[in-house]
Amino acid sequence: MTSPPSGTPITVSDSRFEDHDKAILIGSGDGRGDRDRGHLKVTFVRNLFSGIVQRAPRVRFGQVHVVNNVYRGRAPLYALGVGVESAIFSERNVFRFPRPSQAVAVYGGEHFHATGSWFDGRPAGLNAVASRLGLTDDVGWDPAVLNHAGTGRSYGHP
């Protein structure tokens, strides 16, 4: 897949990812920032990740929003991989793994923020997991979904 024009958002929705080792990689390589930096803006919404060992997704040089997804199945190595110059915003996901620490892994990245996710019927506490891994919860951007959709939006009318 070639990189989209600068800032072009991509959405992956209502899909099933099942029984894979390495499912999804955003960004081509740690040394390819010249090619990927500023181009990779991806949202994963309402997907099922079942039996995925790792990379659901792993991100390099991108801004990725994972929202309202379900992660289940065998114990993964990790679900969300925070790679070089990436920023992952995890929102309202459901994780069913043996340990919450399996939801996030660090691969040279620094930025991860989570809100509203659940782990086996309890609040997931992924910001605390990420903090223990040395990640900051300041991702430098906000998906701003509520500013662009739904009721209450002004749509430019008086």
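Contact here means heavy atoms within 4.5 Å. What you're looking at is a predicted model, where local features need pLDDT of at least 70, side-chain atom pairs count only at pLDDT 80 or more, and totals for chains, interfaces and linings use all residues. Residues are numbered from 1 along each chain as its sequence is written, and side-chain values use heavy atoms, with hydrogens and water left out.

**The chain as a whole**

- The protein chain has three helices and 15 strands; helices (H or I, at least four residues) and strands (E, at least two) are DSSP runs, numbered from the N terminus.
- Of its 158 residues, 43% count as buried, where buried means under 20% relative accessible area, exposed means over 50%, and partly exposed is in between (1.4 Å probe, protein chains only).
- Take the contacts between residues at least 6 apart in sequence: 65% of them join residues at least 24 apart.

**Strands and sheets**

- Two strands pair if DSSP finds at least two bridges between them; E2 and strand E5 (residues 48-54) have five, in the parallel sense.
- Within E5, Leu 48 is the residue opposite Arg 16.
- Strand E10 (residues 87-91) and E13 also run parallel, joined by five bridges, and Glu 91 has Thr 115 in E13 as its bridge partner.
- Strand E13 (residues 111-115) shows two faces: Phe 112 and Ala 114 are on the covered one, while His 111, His 113 and Thr 115 are on the uncovered one.

**Aromatic rings**

- The structure holds six aromatic pairs; rings of Phe, Tyr and Trp (its six-membered ring) pair if their centres lie within 6.5 Å, and planes under 30 degrees apart count as stacked, over 60 as edge-to-face and the rest as tilted.
- Phe 49 and Tyr 71 make a stacked pair, with 4.7 Å centre to centre and 5° between the planes.
- This pair links distant parts of the chain, since Phe 49 is in strand E5 and Tyr 71 is in strand E8 (residues 70-72), 22 residues apart; both residues are buried.
- Phe 89 and Trp 141 form a tilted pair, at 6.1 Å centre to centre and 55° between the planes.
- Phe 89 is in strand E10 and Trp 141 is in the loop between helix H2 (126-132) and helix H3 (145-148), so their pair ties together parts 52 residues apart in sequence.
- Phe 89 counts as buried, because its relative accessibility is 10%.
- Phe 17, Phe 49, Tyr 71, Phe 95 and Phe 97 come together in one aromatic cluster.

**Phe 119**

- Look for Phe 119 in strand E14 (residues 118-119); its relative accessibility is 4%, so it counts as buried.
- Neighbours within four places in sequence aside, Phe 119 is in contact with Phe 95, Phe 97, Pro 98, Arg 99, Pro 100 and Ala 124.

**Gln 102**

- Gln 102 is in the loop between strand E11 (94-95) and strand E12 (104-107), and it is buried at a relative accessible area of 6%.
- Its side chain reaches the backbone oxygen of Pro 76 at 3.2 Å.
- Not counting residues up to four places away in sequence, Gln 102 touches several residues, including Ala 75, Leu 77, Tyr 78 and Phe 97.

**Arg 37**

- Arg 37 is in the loop between helix H1 (33-36) and strand E4 (40-45), and at 45% relative accessibility it counts as partly exposed.
- Apart from neighbours within four places in sequence, Arg 37 is in contact with Phe 61 and Glu 85.
- The side chains of Arg 37 and Glu 85 make a polar contact at 2.7 Å; the term covers a pair of N or O atoms within 3.5 Å, where within protein one must be able to donate a hydrogen and the other to accept it, and residues adjacent in sequence count only if both atoms are side-chain atoms.
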